[in-house]
Amino acid sequence: MADLSKYRNIGIFAHVDAGKTTTTERILSLTGKIHKMGEVHDGEATTDFMDQERERGITIQSAATSCMWKDHRLNIIDTPGHVDFTIEVYRSLKVLDGGVGVFCGSGGVEPQSETNWRYANESKVARIIFVNKLDRLGADFYRVVEQIKKVLAAKPLVMTLPIGTEDNFKGVVDLLTKRAWVWDDTGNPLNYEEQDIPADMVDKVEEYRQELIETALEHDDDAMEAYLEGEEPTLETIKACIRKGTVELAFFPTFCGSAFKNKGVQLVLNGVVDYLPSPTEVPPQPEVDLEGNETGEFAIVDTDRPMRALAFKIMDDRYGALTFLRIYSGKIAKGDTVLNTASGKTERIGRIVEMHANSREERDSAHAGDIVAVLGMKTVQTGHTLCDPKAPATLEPMVFPDPVIFMSVAPKDKAASEKMGVALGKMIAEDPSFQVETDEESGETILKGMGELHLDIKVDILRRTHGVDVIVGQPLVAYRETITQTITDSYTHKKQSGGSGQFGKIDYTISPGETGSGFTFESTVTGGNVPREYWPAVEKAFRLMMDQGVLAGYPCLDVHVNLQDGAFHAVDSSAIAFELAGKGAYRQSMPKAGPQLMEPIMKVDVFTPDDHVGDVIGDLNRRRGMIKSQEPGATGVRIKGDVPLSEMFGYIGDLRTITSGRGQFSMEFSHYMPCPRNVAEEVIKAAKEREALRRAS
C-alpha cells in the first residue's frame, strides 16, 4: 500500500494571466511527466486541451494530472483564473489538501486572486505562494508581498529573494541555506549554479532570514527558547516549524521566480513537498445527514475504514462520462458496487483511470488520498457522495452560486433540436453553475450562467463540440422582485358545482422580509379556524407563486407571509382548496404591497493605466456605477466599484477603446438593489412585450 505521507494533493490557482498554466507546465517538465513544454500563448499547454482554451489562451475547466518529485506523488489540479469559471476553483479547493497561489510580479494581488484566496480560506486549505513573472516590466517582489499582507490580510513567510528585476532577473536566494540559485540564459531549468549570495544582498538576506526563523520558531517553544539563548536552530528544526505553521494556516511560505523563463520552479516544488500537508495531516471531512446537519462522524483518511469518496467534477468525453473522485477513506476496485447517498441507488465501478489532462492511465484500484476518475457512473452529479453500501454516510456537499445572466437559444432545425437536448444534459452535469430552463409557454430554451464569457463559451461548445447549430438571443439580466409595504388581507376560495365543492378562507399579512431571507412563512392561527393539516398547502401555494412576480414575472425575494386566521368547511375544505386560496391571495394582494423591481449589482474591479483614470471613472459613472476605491500601483490604477449588471454588457470592448487596449477588468455578483424607476419601467415594458409575443406565437 502506498505511503500516504508522501502524497500531496494540490491545486494551482490565481488571477487570469498570472501564469498558473505555465507554472503547471514547468512542474510537469521538471518532474519528467512531459518532455516538451507547451506554451499557453501558442495554444500548446498540456492542461489546456479544449479548443476554446487553446484559442483564447485561458483555462476554462480544471484539469487533473499527477507526477513525482523527490519520491513524493503530486496530484495537481490546474484551475481557471477567469471570474466566470470560479466554480471550477471552488470545487477543486473543496477536495484538495494544499494549494499554490500564483501572483503576477507586476500585477500583484488582482481581483480574482482575492476571490480564490477567500475560497481557499473557507475550505481551510494550506497554501504556499509563488510570485511569478519577475522578469516582466514593472515587476516588484517586495511590493507584491506587502499587497498580500494588506489586501488578503495574510501572513507571507518569505523563503526566497529575487536576484535582479525585470530584464536583469537571473535567479533567487534561498534564505534557509543562504545560497544563490543562478540560471543561465538558455531557458533550460536544469542549467543553474549554486553560488554565494551577491555582495549587495548580504544585509537584506540576513534581515529576511532572521524574520523567517523567528516566525517559524514561534511553533516550537523549546527551539525558540534555545534560539533566544543564542543557539542556532538546525535546518531540520526550522523546516519542521515552517511545516507546522503552514498546515495550521498561521503563515504562507512565499517563493519567487519566472515560470516562463524556467527560474525558481524547483524551489516551489521543494516547498510543496517540505511544507504542504499530506492527506493524513488535514482535518478529516465531516459527515452529514440527508438534511445537511453534521452527525459528529468524520471520514478519516485510512485505507482500512469504510469507503468514502466525493464526486467533485463530471467530464464528458468520447468514452462516456468521467466522474472525478477524491477518495477520503477506504478503497475502491474495478467491479465494486458503491452507494450514491444522494440518489439512494447503487452503482458499479466500471473502469478506474488516472488522468493526465485529457489522456489517461488505467488502474485496477484506488485508495484513500487518491484523486482518480471512474467511468460508468449513471446517476452521480457534482457534490454527490459515494460510499460503502454496508456503511452509508454523506460528506459535506458543495454549495453553488445562482446564475446572474441568461440568454435564449433555439435550434436551427428539427435534427439540431434532438441533439441539443442531449448536449445540454451533458453540459449541465459537467458545470453546476450552468443551468437550463424551458419556457413553458414559448418553448424557448433559456441558458443561465455566471457572465457573458461563460455563456459565450457554452454556446461555442454546443456548436463545435456537440455539432448543434443554434440561434442565440440577446443576453438578459436575472432581475428579481420584492415588496416594500405590509398588507393585511383576506381571500376566500369557493367553488360549488354539484356534489362536494371546494372551500378555503384565509386571513393573512404579507410583509417585506429580512434582506437575503428569500421566502418565509409562519402561521399564528389559533382556535382551529384553519386546521393545522392545511397550513402546508397555503405555504406551498405562496412558495410556488413567488417564482412569478407581479411586475415583470421575475422571482420574488425577501417576502414574509403570516397566516393569521380563516375558515373551513367540514365537507368542502381540502388541501387543494386551501392551496388554490393561497394562489388567489397572492394574485390579489401582491400588487397592493408596493412591488419593486430589483437588479443584480456586480462588484467590478478595473485596471487602467494612469493617463486614462478620469475617462474610466467617467464611463463607470455613466453606467450608474458607485466608485468605492482607487489604488495606485506601479503600472496603473485599480478602480473598485459597484455597477448594475445591465450596464456592463459589452464593457470589455469600451474599456479597451478608452485605454488603447491596455485596460482589464473582472466582476462578480455582489447583491441585489432596487431598480431606479426609469430603468424598471423599461424592463417591465420589455417583459410585457416578450409575453405578448409568446402568446401571439
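**Helix crossing and sheet**

Analyst: This is a predicted model. Helix H12 (residues 535–545) and helix H13 (residues 575–589) have axes that come within 7 Å and cross at roughly 40°.

User: How do you know which residues of H12 meet H13?

Analyst: Contact means heavy atoms within 4.5 Å. In H12, the residues that meet H13 include Ala 537, Val 538, Phe 542 and Leu 544. Among their counterparts in H13 are Phe 578, Gly 582 and Tyr 586. By class, this contact has ten nonpolar, one polar and four charged residues.

User: What makes S7 and S10 the edge strands?

Analyst: The open sheet has four strands in the order S7-S8-S9-S10, with antiparallel pairing. Strand S7 (160–163) and strand S10 (192–195) each pair on one side only. From one strand to the next, the twist averages 25°.

User: How do you know that S9 and S10 pair?

Analyst: Count the bridges. Pairing needs at least two bridges. Strand S9 (residues 179–183) and S10 have four, in the antiparallel sense. The pair therefore meets the cut-off. Trp 181 has Glu 194 in S10 as its bridge partner.

User: Which helix packs on the sheet?

Analyst: Helix H9 (residues 265–275) does, touching S7, strand S8 (171–174), S9 and S10. The direction of H9 makes about 130° with that of S9.

How values were computed
Residues numbered from 1 in each chain as written. Predicted model: local features only at pLDDT ≥ 70, side-chain atom pairs only at ≥ 80, totals over all residues. Heavy atoms only, no water. Axes fitted to C-alpha atoms, helices over the stretch in contact; angles between N-to-C directions. Helix = DSSP H or I, 4+ residues; strand = E, 2+ residues; numbered from the N terminus. Nonpolar A, V, L, I, M, F, W, Y, C, P; charged D, E, K, R; others polar.
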